[in-house]
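Open your viewer and get ready to select. This tour goes one stop at a time.

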Amino acid sequence: MNVQQQSFARRGFLRGALAAAVLVPLAGSMASCAGGGGGGTTGPTGTVSDTNPFGMADKSTVDAVIFKGGYGIDYVDFAGKGFESAHSGSTAKISPSTDIAQELQPRFVGGNPPDLIDNSGAKAIGFSTILAQLEDLTSVVNAKNLEGKVIKDTLYGGVLAPGTFEGKLAALNYVLTVYAMWYSDALLKDNGWSVPKTWDEMYALGEQAKAKGKYLFVWGKEAATYYQEMAIASAIKEGGHDVRLGLENLKADCWSHPALQSVFTALEKIVKAGHFKPGGSGTQFTAAQAQWSNAQEAVFYPSGSWIENEMKDQTKAGFKMTGAPVPSVTTSSKLPYAALHSAAGEPFVVPSQGKNVPGGKELLRVMLSKDAATNFAKTKLAPTIVKDTVPSDGFGSTALVSQTKLLSDAGDNIYTWNFIDLYGTNKDQLVVWNTFLDGKSDVATLTSDLQKITDKVRNDSSVKKIEVK
C-alpha cells in the first residue's frame, strides 16, 4: 500500500496513509511541514539539550487542559508523571474540560491560555479563530523522544496532515480514529443477521430487528451529529470526493448533492419506520449508548473508535464489539463498500501566549514516547500516531482488531474532512439532527437547515475561509 497525499492549502488530504499506519510503517516517506516552529515568545527558558529540546526552565509548571471525553484524561496524567520524572522538581498540572470553547476562549482573549490543550469534543474551539495564536509544532516532531529517536521517524505516515493549516503544523493529532458502524458480533451471529452493505439492506434488517423487539439505532442529544458523520461518510462513498469538496468549501448548494440527498432519504425512511429508538433528543448520550452496548436495545451505533473505551464499564459481557463500514446507497457507488472515514484525531495545541510554551511542548514530547503511547493503546484500546505500540491480538480487544481489518480492507480508499472542526459548526448542527432523528423534520428541512448553517459561515466576513482543492 502506498501513501497518496494531495496537498491542499489547509492541509494534505490523507488517502490511504492510515491503512498503512496500522500495517506498514511509512513515516520515512512523510512530507515535512513548512515552518521552523521555534519556541514561543513567552515562558521561561532553560538550557537546550536533547533531553530539554525546548529550553524549559528548571522546576517549572506546565498547565494542560484536556478534553474529558471517550478517552478520559488519565493518559495525559500518565505522561505527566513521566514529565515530572524526566524533569525533577517540575510539575504537570492536568485539568479536565468538557466544554473547551466556553472555558478557554476567555483565556485566549485574556492572553493567559494554558500551555497545552486537547482541543476536542463537540464544543471545541474552531481552529480558524485561534490559528494565529498557536505555536508551530514542527520543533516537537523534529525533537528526539525519551528513547532518543527523532519523533517524526517514529510516527505513522501522513498523520501530521490533519493538523497542518496553510503550511503550519498548528495541531498534533494524537489518536488514530476509525469511524465505523459498531455492533455486537455475538448478537448478529445469535440472530443469523449479516451486516447491511446498502441502506435498503439496513431497512430490511430493521424490520427483522423490530420483530425481535429491537431497534436499528439509538442516539443521545449531545451526539446526534454522529448520524451526520455517518451520512457524510456514506454520501462520499456513493458520490465520490465531489461531495466532500462541496462541504469543505462551503458551497451554496453543497447539502443538496444527489448523493447526500439519497442518504438523507434512506435515513428518513428508517426514522419514519420507527427503527430509531424514540426520545434520543432528551437522552444523555452515554445513557443512549448504554441502551446499545449493555441493554442491547439497538443493533448498530455509528461512532469513532473511542466508543469501546467510553463504554467499557457499560458493555454486556460477551458483546464482541466490532466495526463495519457504513452502508452505501447502491452497489455501484463511486468508492467501494470498504471505503472508510478515518483520521488522526484529538488535536493537541500549544498556545503562543501560554506562560510556559517550552513546557507545553515538552509534555507533548513525553506523550509521544513509546511508553506513553503504548499505555494509551493498551488502556484506551485505540492506537496513537506512534507506531509499533499495538500487538496483533489488539490487547484482547475485538474492536481494536477490527480497526486493523477495516483499515486494511479500505486500502487507499480512506478519506476525511475538516470543515466542521475548522468552522465550529457542530453545536448548531446538533439542533438540526436532533429534530430530524425525532421525526419532526423531513429531508427538505434537514437540507435547508444544514445549508443555512453553512451559508452563515460562508457569508461571515469575519471568518477566514480556507479553500480545499
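Helices (H or I, at least four residues) and strands (E, at least two) are DSSP runs, numbered from the N terminus. The model is predicted: local features need pLDDT of at least 70, side-chain atom pairs count only at pLDDT 80 or more, and totals for chains, interfaces and linings use all residues. Residues are numbered from 1 along each chain as its sequence is written, and side-chain values use heavy atoms, with hydrogens and water left out.

Select G213. This glycine follows α7 and has a positive phi, near 75°.

Step back to α7, residues 199–211. Helix α7 has 13 residues. Now color W199, M202, L205, G206 and A209: these are the buried residues of α7 (buried means under 20% relative accessible area, exposed over 50%, partly exposed in between, with a 1.4 Å probe and protein chains only). They sit on the same side of α7, because they cover an arc of only 115° around the axis; the arc is that of the directions from the helix axis to the C-beta atoms. Turn to the other side of α7: D200 and A211 are exposed there.

What covers the buried residues? Show β8 (172–184), α8, α10 and β9 (300–304), which are among the cover.

Axes are lines fitted to C-alpha atoms, for helices over the stretch in contact, and angles run from 0 to 180 degrees between N-to-C directions. From α7, W199, M202 and Y203 make the contact (heavy atoms within 4.5 Å) with V263, A266, L267, K269 and I270 of α10.

Finish at G220, in the loop between α7 and α8 (226–239). G220 is buried, at 0% relative accessible area.

Methods: Expected span 1.5 Å × (residues − 1).
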